[in-house]
Amino acid sequence: MSLNQKKAQDLIDFIYDSPSPFHVIHNVKKRLTENNFSELHLTEKWTINKGGKYFVCQNNTSLFAFIVGNAEIEEKGFKIIAAHSDSPTFKIKPSPEISVEKSYLKFNTETYGGPILSTWFDRPLSVAGRVSVKGNDMLNPKTYLVNIPKPILIIPNLPIHFNRTVNDGVAINKQVDMLPVAAIINEEINSELLLATKISEEINVPVEDILEVDLNLYDFTKGSIVGLNNEFISSGKLDDLAMVHAGLEAIIEAPICNSTNVLAIYDNEEVGSRSKQGAGSPILKDILYRITMLLGKNEEGSQRAIYNSFMVSADMAHALHPNHPDKHDPVLRPKINGGPVIKIEANQKYTTDSNSCAVFEMICNEAGIPYQKFVNRSDMVGGSTLGNISTSQLAIRSVDVGNPMWAMHSIRETSGVDDHTYMIKAFNSFYKLN
């Protein structure tokens with residue numbers, strides 16, 4: 001197995017071990033702690049030192065790691081890589097059990113983000129997330145991570161005999177068509193508390209003590225390296241855990257330099273980032289200001305640090321589709337394994353401008369890797385990402401980048417083996433800048 005394939009396999013393993021945003025952050029925390037980063041808490045007093053490595057979490061679905069630089073922070077500022085922990089999925093609703101003619105039991109769900117719904121049919125699924133239970137502190141319930149480690153759900157398709165136009169394209173009703181089946185009802189199961197009973201077994205807590213859950217569905221099948229020459233990564237949640245993983249690898253390997261390196265992993269990007277742990281909140285701004293204040297800077301020093309900073313907003317990009325090349329710009333057509341993609345949009349859905357684009361081009365040149373550019377066709381409207389949302393809170397120079405991929409928001413996405421290593425190298429080069 002080549003070095004690039006090993007890094008791709010490590011990404012696949014990371015994704016499989018991270019079936020919910022809570023698990024993503026849990027695994028990131030574990031890796032950081034193993035590499036001499038110390039955890040801070042938003043509610044507690046901080047002590048930080050130049051050269052120190054730290055991280056802090058919000059809601060246990062977002063995380064901000066930083067290495068304090070050696071120089072005066074108002075002179076060198078912050079170098080930030082931003083990614084997000086969430087992916088399109090389905091969330092379990094309260095009291096989810098629904099009986100179908102006293103025969104089948106299915107779970108009531110709500111769509112999270114914009115998944116390609118048809119890709120979720122007929123796949124082995126499970127559930128993972130956070131469970132809140134009774135505790136001694138009413139303002140701080142006790143919480144558990146939960147991952148039911150076997151396929152327990154399936155969303156069955158209609159047979160073509162009941163839906164003759166299915167291959168012509170049909171409307172999918174999220175409330176009717178997308179509810180997963182969990183079991184056949186019998187005397188041995190509690191059809192009113194089936195999920196709570198299963199969770200109780202997993203965390204060894206009485207059913208009556210379980211108060212609420214934050215659980216999402218996920219594809220139980222692990223990703224793999226595919227292609228005749230092992231050139232593709234096939235996995236769920238590449239958007240955006242591939243960028244989380246690349247950023248994590250880079251900050252672990254990053255040296256202590258003059259500027260302060262930051263890895264920002266937000267939550268809720270797929271639903272607009274409007275949450276206390278999302279890019280639309282003041283969380284990153286608060287953390288950066290707190291760092292500057294603890295280093296003895298006044299308000300002017302804090303603002304100087306911000307304006308001397310640079311952010312790489314890292315969210316996956318669209319690769320040229322082999323069956324639909326007509327969907328892409330006639331000139332700028334990124335290819336899988338052609339290198340990181342710089343994303344550009346005239347109406348500022350991406351933050352890239354000529355200045356920040358030039359910065360990332362030089363970073364790639366320094367790292368010895370190729371790069372590509374993406375713009376939408378002029379008659380198509382694309383999506384936005386972390387960059388333009390986070391810069392509404394912080395006026396930082398920023399560039400939007402990502403690795404090229406197919407089938408964004410499918411339950412199973414495809415990206416390039418080489419591209420993942422390329423992006424890690426680009427992030428390494430960025431973090432080494434003084």
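How many of the 16 residues of α10 are buried?

## Helix α10

In this predicted model, 13 of the 16 residues of α10 are buried, so this helix is largely enclosed by the rest of the structure. Helix α10 covers residues 417-432. From its first C-alpha to its last, α10 reaches 24 Å, which is close to the 22 Å expected at 1.5 Å a residue.

## Packing of α5 against α10

Two packed helices are described by the angle between their axes and the distance between the axes. Helix α5, formed by residues 238-253, packs with α10 at an angle of about 45°, and the two axes lie 9 Å apart. The helices α5 and α10 are therefore oblique to each other. Their crossing is right-handed.

On the α5 side, the residues that meet α10 are Ala242, Met243, His245, Ala246, Gly247, Glu249, Ala250, Ile251 and Glu253. On the α10 side, the partners are His420, Met423, Ile424, Phe427, Asn428 and Tyr431. Sorted by class, the contact of α5 with α10 has nine nonpolar, four polar and two charged residues.

## Thr292 in helix α6

Thr292 is placed in helix α6, which spans residues 283-294. The relative accessibility of Thr292 is 1%, and a residue under 20% counts as buried, so Thr292 is buried.

Leaving aside residues up to four places away in sequence, Thr292 touches Ile73, Phe78, Lys297, Ser302 and Ala305.

Key
Residues numbered from 1 in each chain as written. Predicted model: local features only at pLDDT ≥ 70, side-chain atom pairs only at ≥ 80, totals over all residues. Heavy atoms only, no water. Axes fitted to C-alpha atoms, helices over the stretch in contact; angles between N-to-C directions. Helix = DSSP H or I, 4+ residues; strand = E, 2+ residues; numbered from the N terminus. Parallel < 35°, antiparallel > 145°, perpendicular 65-115°, else oblique. Left-handed = near helix turned anticlockwise from the far one by under 90°. Contact = heavy atoms within 4.5 Å. Nonpolar A, V, L, I, M, F, W, Y, C, P; charged D, E, K, R; others polar. Buried < 20%, exposed > 50% of the residue type's maximum accessible area, 1.4 Å probe, protein only. Expected span 1.5 Å × (residues − 1).
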